[in-house]
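I opened this notebook to record what I looked up in one structure.

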Amino acid sequence: MEFGLIITIFLIGFAGSYVSGMLGIGGSIIKYPMLLYIPPLVGFTAFTSHEVSGISAVQVFFATIGGVWAYRKGGYLNKSLILYMGVSILIGSFIGGYGSRFMPESGINLVYGVLALIATIMMFIPKKGLDDQALEEIDFNRPLASSLALIVGVGAGIVGAAGAFLLVPIMLVVLKIPTRMTIASSLAITLISSIGATIGKVTTGQVEYFPAAIMVVASLLAAPLGAIAGKKINTRVLQTILAVLILGTTIKVWMDFF
């Protein structure tokens, strides 16, 4: 592999993982399109959608480990929420990750585009009074949380994305979880989800191991730094950054269909 391509992959992994730790997402909402489009733009051979989804699945696992470690103190990790949504999304992501081998590349991109569009719509729904709740008093609808996590898991497993970019809007808008608890808990849920997606991709031979290793190194360095930054930034600013990020990616993915 060319040195320039190694540096390109590392920078993509670092940028995506920093945002991952800061916003409570696995980072694939950024890294999937970056890995797909940037290498050919700078003169290198393009990765296929299957290769990108495989690399993303492995990278997300390590990025979320770094983020959860940074959020381990402060009461932001809701263990009940993590358990209910984590188990459901793990089952769904394994199904999606394994089943993706039977899908054409256009199908993988379509699933990614639909998930991103739904997440975009949800992020622009007003979320008044969300962060006025005491963290120790938070409650949620457990059957609803489990059902939605299972659905997200299947779709996210297909694209190797772990699904946090859709989990975060669901937790904010549907389950009414405060922003910082959403960010921390979503990283832990995404960590669980990425296990299923990664196993599905590895067992079906969809992972390019050297590019994935480069992304892993970048993730372990950048995700904790992003989490530290996320603790200091105003929650409305965090929500706005995530909404704009998802919107931009959605526009780019859907433009490629037309």
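**Entry 1: confidence.** I began with pLDDT, the predictor's confidence in each residue, from 0 to 100. The chain averages 82, and 94% of the residues score at least 70. Among the helices (DSSP runs of H or I, at least four residues, numbered from the N terminus), I noted H5 (residues 105-123), where confidence in the chain is lowest at a mean of 78, and H9 (residues 209-232), where it is highest at 88.

I also noted the terms of reading: this is a predicted model, in which local features need pLDDT of at least 70 and side-chain atom pairs count only at pLDDT 80 or more, while totals for chains, interfaces and linings use all residues. Residues are numbered from 1 along each chain as its sequence is written, and side-chain values use heavy atoms, with hydrogens and water left out.

**Entry 2: helix H4.** I looked up the span of H4 (residues 79-99): its 21 residues reach 30 Å from first C-alpha to last, close to the expected 30 Å, which is 1.5 Å times one less than the number of residues. At the N-terminal end, Asn78 caps the helix, with a side-chain oxygen 3.3 Å from the backbone nitrogen of Ser80.

Next I checked burial (buried is under 20% relative accessible area, exposed over 50%, partly exposed in between, with a 1.4 Å probe and protein chains only). The buried residues of H4 include Leu81, Ile82, Met85, Ile89 and Gly92. Why does Val87 count as partly exposed? Its relative accessibility is 43%. Val87, also in H4, lies 25 Å from Ile30, C-alpha to C-alpha, at 57 residues apart in sequence.

**Entry 3: the cavity.** I searched on a 1 Å grid over the protein atoms alone, where a cavity is a set of points that a 1.4 Å probe fits but cannot leave, a pocket is an open set with protein on both sides within 12 Å along at least five of seven lines, and lining residues have an atom within 4 Å of a point. The whole structure holds one cavity of 30 Å³ or more. The largest cavity has a volume of about 40 Å³, and H10 gives the most to its lining, with three residues. Leu23, Val168 and Gln239 are among the lining residues.

**Entry 4: the pocket.** The largest pocket holds about 280 Å³ of space. Of its 16 lining residues, Lys127, Lys128, Thr235, Arg236 and Gln239 lie nearest its centre. H10 (residues 235-255) gives the most to this lining, with six residues.

Technical notes:
Helices (H or I, at least four residues) and strands (E, at least two) are DSSP runs, numbered from the N terminus. A polar contact is a pair of N or O atoms within 3.5 Å; within protein, one must be able to donate a hydrogen and the other to accept it, and residues adjacent in sequence count only if both atoms are side-chain atoms. Grid points are joined across faces, edges and corners, and a volume is the space filled by probe spheres set on the points.
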